[in-house]
Amino acid sequence: MASAVTEPNLQRNLHLHLLSAEQVELAKVLVEMGQAHLFEHWEPGVDDDEKKAFFDQVSRLNSSYPGGLASYIKTARELLADSKAGKNPFDGFTPSVPTGETLTFGDDSFMSFEETGVKEVRKAAFVLVAGGLGERLGYNGIKVALPRETTTGVCFLQHYIETILALQDASCKLAEGECQTKIPLVIMTSDDTHSHTVELLESNSFFGMEPNQVKLLKQEKVACLDDNDARLAVDPRNKYRIQTKPHGHGDVHSLLYSSGLLTEWRDAGLRWVLFFQDTNGLLFNAIPASLGVSAARQYHVNSLAVPRKAKEAIGGITRLTHADGRSMVINVEYNQLDPLLRATGFPDGDVNCETGYSPFPGNINQLILELGPYIEELTKTGGAIQEFVNPKYKDASKTSFKSSTRLECMMQDYPKTLPPSARVGFTVMEPWLAYAPVKNNPEDAAKVPKGNPYHSATSGEMLVYRANSLILRKAGVQVADPVQQVFNGQEIEVWPRVTWKPKWAVTFKEVKNKVGGSSSISQRSTLVIKGRNIFVKDLCLDGALVIDVADDKEVKVEGSVQNKGWILENVDYKDTSVPEELRIRGFRINKIEQLVKSEP
């Protein structure tokens, strides 16, 4: 025993019957890596069960990190030294605008890419990164359980699954011969969200998916660091535990690699993996055309993007070329992009070009990867993503931290390790179509400067109605202009509350095929479409209309519909008698009168 573990206090405490051979080795690694302080307070014969639990935790931390704890500590020391020295990770790199595709909704090119994408989607798997709770929003549940909009109350997860199922059906219709496609969905969870996600799926029969189509992969946390020497932090609540924090959504790559799913998918003939985040209610509007771009341009990596204003608080997709010839196309955070440009011969930094936007498109954290090259890369890296550390120092000496820190990694940093031959591009969509993230609570949103996006539950819902209204307008429906209203201190455009199930239409071509004649919708109206074969022709709507018919029934909706409708009523976000998911929006819908059409 003494030869295996040289720390005296540890020797006295460890009995062979307490530890497995693997755990003895881990103890040795910890001591060799300068972590003997973890055992300083241990006393022989005291709390043996807690000591065993400590090593169970250490085993988990070791096995869930590529290269184990020794690699984690070594990387942490290097990154902490760079941070203390103020080293710029982009030293030697010159930024330039990468190549990509900019799409205009509804034109011939857009519709052609959409059709290609729908054909390809039966060869795709979807990966939802959902490790976060809604605390930052002022909501105590998991974010994917929040309603995407409150007209129907459909939550984000239901909307995502129903859209994948609608894409599956649409893709099968275009397939030659038999089509047995079941598009896989992987959800990355965390300790915080795992059981709630399982419960949400099981209590709703997986929202129509077959249970074996859905796989959950749970990410583990990583050890916290107390100082620049990367001493692992003891949990302040239990001296026999290491304090841990989330590692970031970059873990999704190593989890997919170690799960064996990627080779399973390849063997089943799949070609694409699409990654998306938990609360952007418009993201699937962009998926078919973006996947079409990936297929047509043969991109190994396709980052979905929106136009961004110079210096806007959203990362910019940038080509970085090093003096030594290396180059990569990656997301550069907005607070790094401007100084990087100024330091490399662009004296004005990040400025808008003739389009009125920065030439560096805004990253919205949705990635489409080609499966073959992805497996090839992960075979080299094990799915490890280049990490960063962001310690909060007590003072300018940078010798001690205000609180423990940890290494972090981001899903979108995957391209950093790719060879120069990798085809990395982007697809830019108009923000009204594809980007409505829900991440700010009402108080933070109300402080956003006028004209900047709120990114709140209030704006997230209203942007869904705006997108649907503009899509119908583009298809020839006369949709009234919005009015301005204030909810939770945010001045918002209120469009007609238009919403439809994905099975009604997942592409613009489908929308165009299902509306016709001369239809109009007033600003105060609500239109809810819940069936598959519903055709809107010469409809004049001023009020609330809900069309809810079985999928095998065809119904034509025409004529004039007028009633008192559904109205928005203000809610105070501090009023605890109102459910959280409504409070954070600042309004509730009072359903006064409606016409429900449930038969052809």
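This note goes through helices, aromatic rings and some single residues of a predicted model.

1. Basis. The model is predicted, so local features need pLDDT of at least 70 and side-chain atom pairs count only at pLDDT 80 or more, while totals for chains, interfaces and linings use all residues. Residues are numbered from 1 along each chain as its sequence is written, and side-chain values use heavy atoms, with hydrogens and water left out. Helices (H or I, at least four residues) and strands (E, at least two) are DSSP runs, numbered from the N terminus.

2. Helices α2 and α3. Two packed helices are described by the angle between their axes and the distance between the axes. Here α2 and α3 pack at about 75°, and their axes are 10 Å apart. That makes α2 roughly perpendicular to α3. Axes are lines fitted to C-alpha atoms, for helices over the stretch in contact, and angles run from 0 to 180 degrees between N-to-C directions. Under 35 degrees counts as roughly parallel, over 145 as roughly antiparallel, 65 to 115 as roughly perpendicular and the rest as oblique. In contact (heavy atoms within 4.5 Å) are Glu22, Gln23, Leu26, Ala27 and Leu30 of α2 with Phe54, Phe55, Asp56, Val58, Ser59 and Asn62 of α3.

3. Aromatic rings around α3. The whole structure holds 22 aromatic pairs. In one of them, tryptophan 42 and phenylalanine 54 have ring centres 5.3 Å apart and planes at 85°, so the pair is edge-to-face. Tryptophan 42 lies in the loop between α2 (21-32) and α3 (48-63) and phenylalanine 54 in helix α3, so the pair ties together parts that are twelve residues apart in sequence. Rings of Phe, Tyr and Trp (its six-membered ring) pair if their centres lie within 6.5 Å; planes under 30 degrees apart count as stacked, over 60 as edge-to-face and the rest as tilted. Both residues belong to one aromatic cluster, formed by Phe39, Trp42, Phe54, Phe55 and Tyr240.

4. Burial of that pair. Buried means under 20% relative accessible area, exposed over 50%, and partly exposed in between (1.4 Å probe, protein chains only). Tryptophan 42 has 2% relative accessibility, so it counts as buried. Phenylalanine 54 is buried too, with a relative accessible area of 1%.

5. Helix α7. In α7 (residues 194-203), the buried residues are Thr197, Leu200 and Leu201. They cover an arc of only 95° around the axis, which puts them on the same side of α7. The arc is that of the directions from the helix axis to the C-beta atoms. Elements covering these buried residues include α6 (156-174), β4 (185-189) and β5 (214-218). Glu199, Glu202 and Ser203 are exposed, on the face turned away from the buried side. Just after α7, serine 205 has a positive phi of about 50°.

6. Helices α8 and α12. What is the crossing angle between the axes of α8 and α12? The axes of α8 (residues 251-259) and α12 (residues 371-381) cross at roughly 95° and come within 11 Å. That makes α8 roughly perpendicular to α12. His253, Leu256 and Tyr257 in α8 meet Tyr374, Leu378 and Thr379 in α12.

7. The two sides of α12. Leu371, Tyr374, Ile375, Glu377 and Leu378 are buried in α12. Seen down the axis, these buried residues fall within an arc of 165°, so they line one face of the helix. Their cover includes α8, α9 (261-267), β9 (272-277) and β13. Glu376, Thr379 and Lys380 are exposed on the other side of α12.

8. Positive phi at two aspartates. Most residues other than glycine have a negative phi, and most peptide bonds are trans. Aspartate 47 is not a glycine, yet its phi is positive, about 55°. Aspartate 47 sits in the loop between α2 and α3 and is partly exposed, with a relative accessible area of 36%. Aspartate 538 also has a positive phi, of about 50°. Aspartate 538 is found in strand β25 (residues 533-542) and is partly exposed at 35%.

9. Charges over rings. Lysine 309 lies over the face of tyrosine 357, 4.7 Å from the ring centre. Lysine 591 lies over the face of tryptophan 566, 4.4 Å from the ring centre. The criterion is NZ of Lys or CZ of Arg within 6 Å of the ring centre and within 35 degrees of the ring normal.
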